[in-house]
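Let's take a friendly walk through a two-part model, going from the overall make-up of each part to the places where they touch. Keep the structure open beside the text and look up each piece as it comes.

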Amino acid sequence: MMLSKEPLLTDNSISLLNELRTTLGKLEVALSAIADSIVWTDAQGKIQWCNEAFARLVGRRHIEVLGSQLVDLLVLEEDRASHQTHPAQLLQSPETDTVGCYRLRQGDRKFILEISRTRVWAESHNATFIFVIRDVTENKRSEAELRKALSNLEKSHGVLKNAQWQIEQAKKLELIGRLAVSVAHSIKNPLASLRMGIDYFAGGTGAEDPEGTFILTSMKDALERVNAVIGELLDFSNSQAVTMRPEDINSIIEHSLLLVQHDLKRSGIKVERIFKEIPPVPLDRNKIAHVLVNLVVNAIQSMPKGGTLTLRTGLEKLETLGGRVGHRDFDFFKPGETVAVAEIEDTGVGIPEEVLGKVFEPFFTTKRALGGTGLGLSIAASILELHRATIEIRNREGGGARATLRFQI
Amino acid sequence: MDTFERLREEETVPVVITNQQGLITHTNKPFQRVFGWSEDEVLGKPLTLIIPKALHDAHHLGFSRFLNTGRPTLLDRPLQLKAVTKGGREFAAEHIISAEKRNGEWIFGATIRPLVEV
């Protein structure tokens, strides 16, 4: 056995050494108390030191981790999509300080790690690297949950806003309806007196007063028109309150055609149906049938010498902005949204271009002589608006007109 | 016979003993043969003499922590660690490190069994 010599250190050196060791020891304890993993490698990615959190993360003893390559010890899942390399690789690349998220699988457990890498110059220009590894699995999960909750909220907000809008519109319509009814009723009796008066005078005049007869006939026609307007207003107001139910548009079209089948037959019009399957659309069946009958009657009237009535339904993905498509509050549809479409096409005379812009104006009509009130399309447009649906009327290239209805599904 | 008496009498496996400052106070013949240092050359030198450069920081940090906290993390069980010879050759070895307090001061001893031909 050899005798050990006492080491040659002065008391000063020993006390300085002890002081530095105390500082280093505190530092080590502090770094190991941090929940994030801290790894310190040399320029080749070889581990020089790590804290206890890292040893726990890789399931190894602290001391055995030293000297290993970080790449070998912390095996991250490859992400082919992003061509993401391991943060302990390409240490010589100019991009020295990086931060990114990586996937780690340990048995059945999956982690998402946020790894930041910082280059530190130490010991005579040798680069070393500090890696700070944070487990952000929970954060990412809550983030995703929050995002989902937010999107659900936004969706319900949209539904609520929609419902609120419909209620407001329904209230407005109801008010207009009540007003119309009371106006119609108060006008009806005076009108009846006027009519009786006209009939009385008409009975008294004859061939001897052709001018008087002409005036009386015009007055009678005017009265008929007023009656027709009132009838339409009452008809519209009397229809029951709006009741939205998921309905099959194709079947409503069939029902509407049934109501006008005699007119179709009389005008010798061929009916073509090009129906696609569409999911049920929430709407008021009676009111939409009213709109469809109106449009079909218009089509029939534009084809006095016969023709083809085409009814087409399907789905359409809205691509372009404009009309009621957009992100604004008052837009009915969002770009990219898929809507249900119903088209009514005729091969009739079409609509003069200068008139196209006015067809939805109340009391505008080109068919005064046929008893048109100018309320049909305007009421149709209101009903569709109530459904947050749109209507568009255009001339077809080959002649005739086409009405296009779009509904939210 | 306690651990340190056994270490001092070990004749086949390399042994090194240090004081609380981490300075070498004892080595045996196998140590001198494996590492290539003579007893005179190593006595009073820091233990980092036989630790690869890459592990010096970890050694200082770990050693200091133990002195501060007295909480052992690697004592008395076989550890596979690298050691370095006088010629600068690194080799894998099984270390068993022990610590003991004598007269208020820690002493540390280790057997270092090479796992490869040195």
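In chain B, residues 24 or more positions apart account for 40% of the contacts with a separation of 6 or more; in chain A, such residues account for 60% of these contacts. Two residues are in contact here if their C-beta atoms, placed from the backbone, lie within 7 Å. You are looking at a predicted model, where local features need pLDDT of at least 70 and side-chain atom pairs count only at pLDDT 80 or more, while totals for chains, interfaces and linings use all residues. Residues are numbered from 1 along each chain as its sequence is written, and chains are lettered from A and ligands numbered from 1 in the order in which they are written.

**The two chains**

The table sets out the make-up of each chain. Helices (H or I, at least four residues) and strands (E, at least two) are DSSP runs, numbered from the N terminus. A residue is buried if 20 or more other C-beta atoms lie within 10 Å of its own, exposed if 12 or fewer, and partly exposed in between, with C-beta atoms placed from the backbone.

| Chain | Helices and strands | Residues | Buried share |
|---|---|---|---|
| Chain B | four helices, five strands | 118 residues | 34% |

If you read along the sequence of chain B, the pattern is α-β-β-α-α-α-β-β-β.

**A sheet in chain A**

Now find the five strands of chain A that form an open sheet in the order S7-S9-S10-S12-S11, with mixed pairing. Two strands pair if DSSP finds at least two bridges between them. Strand S7 (269-274) and strand S11 (390-395) of chain A stand at the edges with a single partner strand each, so one side of each has no neighbour in the sheet. From one strand to the next, the twist averages 15°. Such angles run from 0 to 180 degrees between N-to-C directions, and axes are lines fitted to C-alpha atoms, for helices over the stretch in contact.

Strand S9 (residues 307-317) and strand S10 (residues 338-345) of chain A, in contrast, run antiparallel and are joined by eight bridges. Across that pair, A:Thr313 stands opposite A:Ala342, and A:Gly314 has A:Val341 as its bridge partner.

**Helices against the sheet**

Helix H9 (residues 285-301) of chain A lies across S7, S9, S10 and strand S12 (401-408), running at about 35° to S10(A). H9(A) has 17 residues and reaches 24 Å from its first C-alpha to its last, close to the 24 Å expected at 1.5 Å a residue; the expected span is 1.5 Å times one less than the number of residues. Among the buried residues of H9(A) are A:Ile288, A:Val291, A:Leu292 and A:Leu295. What covers the buried residues of H9(A)? The cover includes H7, strand S8 (281-283), S9, S10, helix H11 (376-386) and S12 of chain A.

H11(A) also meets helix H5 (residues 137-204) of chain A: their axes come within 9 Å and cross at roughly 150°. That angle makes H5(A) roughly antiparallel to H11(A), as angles under 35 degrees count as roughly parallel, over 145 as roughly antiparallel, 65 to 115 as roughly perpendicular and the rest as oblique. The contact is made by A:Gln166, A:Gln169, A:Ala170 and A:Leu173 of H5(A) and by A:Ser382, A:Glu385 and A:Leu386 of H11(A).

**Where the chains meet**

Chain B gives 28 residues to the contact between the chains, and chain A gives 25 residues. Which element provides the largest share of the side of chain B that touches chain A? H4(B) does, with 10 residues. By class, this side of chain B has 10 nonpolar, 12 polar and six charged residues. Ala, Val, Leu, Ile, Met, Phe, Trp, Tyr, Cys and Pro count as nonpolar, Asp, Glu, Lys and Arg as charged, and the others, Gly among them, as polar.

The axes of H4(B) and helix H1 (residues 11-33) of chain A come within 7 Å and cross at roughly 95°, and the two helices are therefore roughly perpendicular to each other. The residues that make this contact include A:Leu24 and A:Gly25 of H1(A) and B:Leu61 and B:Arg65 of H4(B).
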